[in-house]
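Good morning, and thank you for making time for this item. Please have the model open on your screens as I go through it.

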Amino acid sequence: MGFENFGTVSFTAEAKAADFITYLEAGKVMATRCRKCGVSYFPPRMDCPRCLSSDVEWFEIKGDGKLISYTVVNYGPTGFENDAPYILALGEFDGGVQIFACLSRDIEQKDIQIGMGLVVSPVKLPDNRIAYEFKKG
Amino acid sequence: MEDVAIAGAGQSVFSRKCGVSIRELCFEAFKEAMEGLDITGDDIDASIICSAPEYDKQRSPAGLISEYLELTPKPSFYVETVCSSSSTGLRVAWSLVKAGLHRVVAVIGFQKMSELTSREAAERMGRGGDIIWESPFGLTMPAGYAMYARAHMAKYGTTEEQLAKVRVKNSHYGASNPKATYRKELSLDEILGSEVVTSPLKKFDCCANADGSSCIIVARGDVAKGITDVPIWIIGLGAATDTMTMSGRESLTGLRCAQEAGKQAYQMAGIGAQDIDVAEVHDCFTISEILAYEDLGFAKPGEGVGLIEEKQTYADGKMPVNVDGGLLSKGHPIGATGGSQIRTIVHQLRGQATEAQVKGAEIGLVHNIGGIGQYGNVTILRR
Ligand SMILES: [Zn+2]
């Protein structure tokens, strides 16, 4: 299985990084690390352009992150008409790993603060789709 | 090696719906650029066609447009960096002329966005992000810039009212630009009261999709002198990139691609920000103009809002910016935008600006950004 059911609307399915989805189904949000030079990647990459190695390992993104920025989108593009309003956000996690995702609908807009604590976790969407989202840390 | 100049610059009227085909749209800009030059289409050695794909059904538009303008059998090809495509086209044209391969090159930018509904256009723009990792969350251009705005506000205390003042200025100048989509002055209250598109950006913080074309005739210095009375010299070029993903960005309080491109252009021109007499910056959103002030060194990081508060970026201020109305008034026909910005600076340096002439302007700057800060282009021109 690839990225065909990832997010609200997916645009392509095949990728060497498709194991990401298998981990996501199992409840884990994963990044990759180059075994040769130690650089870590999110979004995960299966190839390291720095040392030209494709020997990478998966590791789980755990712990608290913090909110870098966000926006409440009131006008979604094609395929997102029924999603709006939704909140896009950028979070920073351990080791400087940054993740782009939606803020959970459980978080009220008045409670959102730049710098607030976040955790990232898988979320099931309608029609058997899956993504990850930020919850309060 | 010979210097390179702009001999002619033109654009179509920018509008929500042009009602003509893309080839006819391009003719309008070509006509304005060529009028008054002592050459015909036969003297153009190559054409570079610039637009973002997937707005109209035509594949490989370079062939179509070079035929309609009778530029065949000379070489023609397509370049693309979304919203900065025609600045990239100018960079390629400069290289071709500087290298001695061609004497005169036409850079033609166009976009006919009215072929799509605005939701479809937003979807195309969303796919201008990383389609595996970020587009599936519903990323749009305004949303990306809104995240920059929110981060800038959090770090520097920038307010929505300060952002709105950018639109107040640009709508003031746009009102007298006969080529602009929006020719109406907007008040601070109208802007602040407009509906929220993607917080904190409201409808009037955003430029509109538009149809339009632009054309720049680039020539070897000696040739330019022979075909126009006032060649405008290309003295600085900068180009840079940043990550496709939002998650790869080092900071959301400035555009690294613009900072880097600006540095290169200043260095090539041998000047600094203080030497710029007039600038066109990529105000796709009000926040984008504030970021540009800071990324180009017109103000220190976090102090860009001071320029708009003190009206220093009005035509009679210290650093006039977007005194043709900017993208916010003109509209943003993606592939045509950079060429339109260059045309405005050419007019300013020739003392022919119709909206608001900056007195004695000798050096001008164009800042043209592709995507949500993926591609940065800065061009410096001198009379
Ligand atoms: Zn490596």
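I shall take the metal site, the interface, and then several helices and residues of chain B.

A word on conventions. This is a predicted model, in which local features need pLDDT of at least 70 and side-chain atom pairs count only at pLDDT 80 or more, while totals for chains, interfaces and linings use all residues. Residues are numbered from 1 along each chain as its sequence is written, chains are lettered from A and ligands numbered from 1 in the order in which they are written, and side-chain values use heavy atoms, with hydrogens and water left out.

Let me begin with the metal. Which atoms coordinate the zinc ion? They are the SG atoms of A:C34, A:C37, A:C48 and A:C51, at 2.3 to 2.4 Å. Donors here are N, O and S atoms within 2.8 Å of the metal (3.2 Å for Na, K and Ca); water is not among the atoms, so sites may look incomplete. The angles subtended by the 4 donor atoms run from 97 to 121°, which makes the arrangement tetrahedral. Four donors receive that label if all angles lie between 85 and 135 degrees. Along the sequence, the donor residues follow the spacing C-x2-C-x10-C-x2-C. A:C34 belongs to strand β1 (residues 30-34) of chain A and A:C48 to the loop between β2 (40-41) and β3 (56-60), so this pair ties together parts that are 14 residues apart in sequence. Helices (H or I, at least four residues) and strands (E, at least two) are DSSP runs, numbered from the N terminus. A:C34 and A:C48 are both buried. By that I mean under 20% relative accessible area, with exposed over 50% and partly exposed in between (1.4 Å probe, protein chains only).

I turn to the interface. In total, 38 residues of chain A are in contact with 32 residues of chain B, where contact means heavy atoms within 4.5 Å. The area buried between the two chains is about 3,000 Å², and carbon and sulfur atoms give 69% of that area. On the chain A side, A:F11, A:Y75 and A:F100 lose the most area to chain B, together 23% of what that side buries. Buried area is the accessible area (1.4 Å probe) that two parts lose on being put together, summed over both.

Helix α5 (residues 141-156) has 16 residues, which at 1.5 Å a residue should span 22 Å; its end C-alpha atoms are 23 Å apart, which agrees. The expected span is 1.5 Å times one less than the number of residues. Of the 16 residues in α5(B), 12 are buried, including B:Y145, B:R150 and B:H152. At the N-terminal end, B:T140 caps α5(B), with a side-chain oxygen 3.1 Å from the backbone nitrogen of B:A143. Just after α5(B), B:G157 has a positive phi of about 80°.

Because 11 of its 14 residues are buried, α3(B) is largely enclosed by the rest of the structure. Among the buried residues are B:W94 and B:K98. B:G100 follows α3(B), and its phi is positive, near 90°.

I close with individual residues of chain B. B:S66 sits in helix α2 (residues 61-68) and is buried, with a relative accessible area of 4%. A polar atom of its side chain lies 2.9 Å from the backbone oxygen of B:A62. Neighbours within four places in sequence aside, B:S66 is in contact with B:S47, B:L71, B:T72 and B:S76.

B:S340 is found in helix α13 (residues 334-349). What is the relative accessible area of B:S340? The value is 0%, and B:S340 is buried. B:R343 is also found in α13 of chain B and counts as buried at 8% relative accessibility. The C-alpha atoms of B:R343 and B:G109 are 12 Å apart, although 234 residues separate the two along the chain. Beyond four places in sequence, the contacts of B:R343 include B:E32 and B:K179.

Finally, B:L163 lies in helix α6 (residues 160-174) and counts as buried at 1% relative accessibility. Not counting residues up to four places away in sequence, B:L163 touches residues including B:A149 and B:M153, both of which are buried in α5(B).

Definitions and conventions:
Tetrahedral: all angles 85-135°; square planar, octahedral: opposite > 155°, others 65-115°. Polar contact = N/O pair within 3.5 Å; in protein donor to acceptor, adjacent residues only side chain to side chain.
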